[in-house]
Amino acid sequence: MCHRRPERSFFFHNHQFPVCARCTGLYITMIIYLIYAYFIPIHYTQLYLYTAILLIIPCLVDGTTQALKLRESNNKLRLITGLLAGIGIMIILKMIKLTMWR
């Protein structure tokens, strides 16, 4: 699901990461959130949903404006917006899971 373009990926010892900078951020926070939510009980409210949406918006704006060639992003910004979006996505997925099991 990742384009893996070298100019949009991180390198470690001359080896390209298997995913781009944005996906790296997404996967890092998704994994951290899963671990956190497993050990710490979280009471999901509508405020959590609104917060999750707000966390995803910067990634959408960054990715969309870059795709439309309105501006060029950089790997640092891609990573940061990916980190934020990863948290937002996990909150939404967890809320969906909780509502389906009721």
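1. Tyr38 is exposed, with 67% relative accessibility. The model is a predicted one, so that value is computed, and the cut-off for exposed is over 50%. Tyr38 pairs with Phe39. The two rings sit edge-to-face, with 5.0 Å centre to centre and 90° between the planes. Phe39 is exposed as well, at 62% relative accessibility.

2. The structure holds two aromatic pairs. Besides Tyr38 and Phe39, Tyr44 and Tyr48 form a pair. Their ring centres are 5.6 Å apart. Their planes meet at 75°, so this pair too is edge-to-face. What is the burial state of Tyr44: buried or exposed? Tyr44 is buried, at 17% relative accessibility, because the limit for buried is under 20%. Tyr48 is partly exposed, at 33%.

3. Tyr44 also belongs to the largest nonpolar core. That core has nine residues: Met30, Tyr33, Ala37, Ile42, Tyr44, Ala52, Met90, Ile91 and Met95. Which elements give two or more residues to this core? They are helix H1 (21–39) and H3. As a general point, nonpolar side chains in soluble globular proteins tend to be buried together.

4. Setting aside neighbours within four places in sequence, Tyr33 is in contact with Ile42, Tyr44, Ile87, Met90 and Ile91.

5. Two residues other than glycine have positive phi. For His13, phi is near 50°. His13 lies in the loop between strand E1 (9–12) and strand E2 (15–20). His13 is exposed, because its relative accessibility of 62% is over 50%.

6. Lys69 has a positive phi of about 60° and is not a glycine. Its place is in the loop between helix H2 (46–67) and helix H3 (75–100). Lys69 counts as exposed, with a relative accessible area of 73%.

7. On confidence, the protein chain averages a pLDDT of 90. At least 70 is reached by 96% of the residues. Where is confidence lowest in the protein chain, and where is it highest? The lowest mean is in E1, at 76, and the highest is in H2, at 96.

Note on methods. Residues numbered from 1 in each chain as written. Predicted model: local features only at pLDDT ≥ 70, side-chain atom pairs only at ≥ 80, totals over all residues. Heavy atoms only, no water. Helix = DSSP H or I, 4+ residues; strand = E, 2+ residues; numbered from the N terminus. Buried < 20%, exposed > 50% of the residue type's maximum accessible area, 1.4 Å probe, protein only. pLDDT = per-residue confidence, 0-100. Core = buried A, V, L, I, M, F, W, Y, C linked by side-chain atoms within 4.5 Å. Contact = heavy atoms within 4.5 Å. Phe/Tyr/Trp six-rings, centres within 6.5 Å; stacked < 30°, edge-to-face > 60°.
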